[in-house]
Amino acid sequence: MSLHRIYAIALKEWLHMVRDRLTFMSLMIATISYVIVFGYAINPDPRQIDTIVVDHDKSEFSRLYKASLQQSNYLNIDKREMTSDQASEYLRQARTSVVIEIPPDFTSNLMSGKPAQILVEADATDPVSLNGAISSTGEVARQVAAHVLRMDALHPKAMGPQVDVRVQRRFNPSGEHTFYIIPGVVGMILNMSLIMMTAMSITREKERGSMEFMMVTPTQPAEVIIGKMIPYFFMGIVQVISILIIAFWLFKMPLTGSAWALTALLLAYGITTLMVGILISTMAQSQIQAMQLSFYYMMPTILLTGFMFPFSGMPAWAQWISTTLPMTYFIRGARGVFLKEFDIVDMWPNLWPIGLAFIVFLVTSIKSYRKTLG
Amino acid sequence: MSSASTIIEVHDLTKTFGDKTVVDKLNMSIEPGQLYAFLGPNGSGKTTAIRMMCGLVPLTSGGGTCMGFDIATQSEKIKPLLGYMTQHFSLYPDLTVRENLEFVCRLYGVPDVRRRVNELIDQFAFTDLGRDRQIVSTLSGGWKQRLALACAVSHGPRLLLLDEPTAGVDPKAREAFWDILQEIAGTGVSVLVSTHYMDEAMRSNRLAYMLYGRLLVDDQPERVIGNSALVAVQVGLRRQLELPELVKVGRDPRVVRLSRQGNSVRLVARSRDDVAGWVDSLGDVAGDVQTIDVGLEDIFFHLTLQQQGTHTSF
């Protein structure tokens, strides 16, 4: 062991690191921004879950109940008035996570000492987010009911107000975590294999010098891009089929929606993911850089898209970031088609943003693919 | 002068990167079937000039035509008629010889790929020892370059641009490579080949010497040597010169190039008088003086010296 040699190697390595501007800067920027973004955004015990209250009772109780739920910080109550059907559709489309329904006879039942019912419907395709929220709806209802009764100086004979909260876990009644995880896993595996493989395959051509050779042949940039995508696209299809076979046979995953909707989603997401790989490869100069950039892209797709941590638990700005990531729509669409009976029309709100991302990535890639060596 | 049959015709071709001028007002023309050697030290701008001629690098100023098409605006028309070999081997080491050839033929849209690949395999002697089915990474440097050349001619181009194709290849393989190259040029294909090897330059029809982005020589190799007034001698030494002595005599302004051989020194000077004067200055150390041939390298040394205005060792 020679300290001199270790010093020589460490110094040389340091020089490599700081000379490679892209790597060095992205390392620094990623470190700082990711700590801040993920530190604030990720909350495994989410608050401010989007909730719609369908109020048929329109009473002192329901007014106070809504206000108290909002104050409890667990739920974020939608100010709009909706019918039960509208609210249910919102729940199915993942535009809200919880629907609370207060029946018309709630106050009268309460006053007459009968059990008063509240119906809570929760989107159980994302079970993590809901436990705190569900327990808080009952707790708050009992407190508010007690308060309303005291105000009216009425003391029913029973020990306390009889508020009965009926919780209905929609779309995944048994609360299977597998059902919630698998759609995300499909997305993640496509991310890993397609982005990294395509990104590295083009940068490999640059490193080898074969890109220079191809550029003096009549080959067009679009031909390179499409030609590069095709084999990986087929590889992606094989992977998806394998995952689906395992999901259906081994985990008994249901497919409640339309197979066409699922196919459309997978195709759109697969091609867009390939395009991300191509885009990264046009920016990276070496395979190492391509791998790093792929990794930086994948971090937020794991953490901010609702795959690992509930979307509803993130602050608004983090939710905004996640709306720019195709994976967010893939996860919503995949959970929808597996568990919420999505047909192609239901899928559309998740398909077009993925398609838009594809166009943006395609145009940027073709622009940044250097036709000449500068 | 421009003529209808000229393959490459460039005028005042200039390329700058930032404030560095890499190619400076280059004027050159290449005739059909000509084997044109492009010489110059590393960094003299040869690669950039070649890349500009085929539209791979945008021009800063100047212009020209390649096979009748404008190099600044019509590179798409030039590419199908052009064969190109990069400085470093740039084919696919994990594919076989045949697979590489098939790939390149398909890129160029060769009609009958299988037949053409078989022709190329025969022409470039890849059938020996079944090299056509060999994975390219297991080939020697010479065979890799031969494959790159086969790929460059796969579509029957009218012009070959070869950027240092024989760098790092052993002499025997280089000779074989040039035999093929001369054969190809014999069929009417024009070849522009950059090289550091003077023996290769001597095998070409015409040569250009570039320094600091400027063209210093553009002539037939025989005429370049014939027109040179330089004199080369080999001076035997009665004893070995010590380093300070050697440095002193080497810096003599009469010396164009001085190199120490085993037991003698090789001197290139501008005239016989300069040689005589210099030999005298050695005193009793100098032994027999024998006149030897001046090579292209000596002439380029002299040109470089004139440009730099000072002695440089390479």
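Predicted model: local features only at pLDDT ≥ 70, side-chain atom pairs only at ≥ 80, totals over all residues.
1. On the side of α7(A), the contact is made by F179(A), P183(A), G184(A), V186(A), G187(A) and N191(A), while α13(A) brings M327(A), F330(A), I331(A), A334(A), R335(A), F338(A) and L339(A) to the contact. Taken by kind, the residues in this contact of α7(A) with α13(A) divide into 9 nonpolar, 3 polar and 1 charged.

2. Turning to chain B, a reader will find 11 helices and 14 strands in this chain, and the C-alpha atoms of chain B fill a box of roughly 75 × 50 × 35 Å when the box is taken along the principal axes.

3. Chain B has 314 residues, of which 39% count as buried. Among the contacts in chain B with a separation of 6 or more, 70% are accounted for by residues 24 or more positions apart.

4. Where chain B touches chain A, the contact takes 17 residues from chain B and 14 residues from chain A. The residues on the side of chain B that touches chain A divide into 11 nonpolar, 3 polar and 3 charged.

How values were computed:
Residues numbered from 1 in each chain as written. Chains lettered and ligands numbered in written order. Helix = DSSP H or I, 4+ residues; strand = E, 2+ residues; numbered from the N terminus. Buried ≥ 20, exposed ≤ 12 C-beta atoms within 10 Å, placed from the backbone. Contact = placed C-beta atoms within 7 Å. Nonpolar A, V, L, I, M, F, W, Y, C, P; charged D, E, K, R; others polar.
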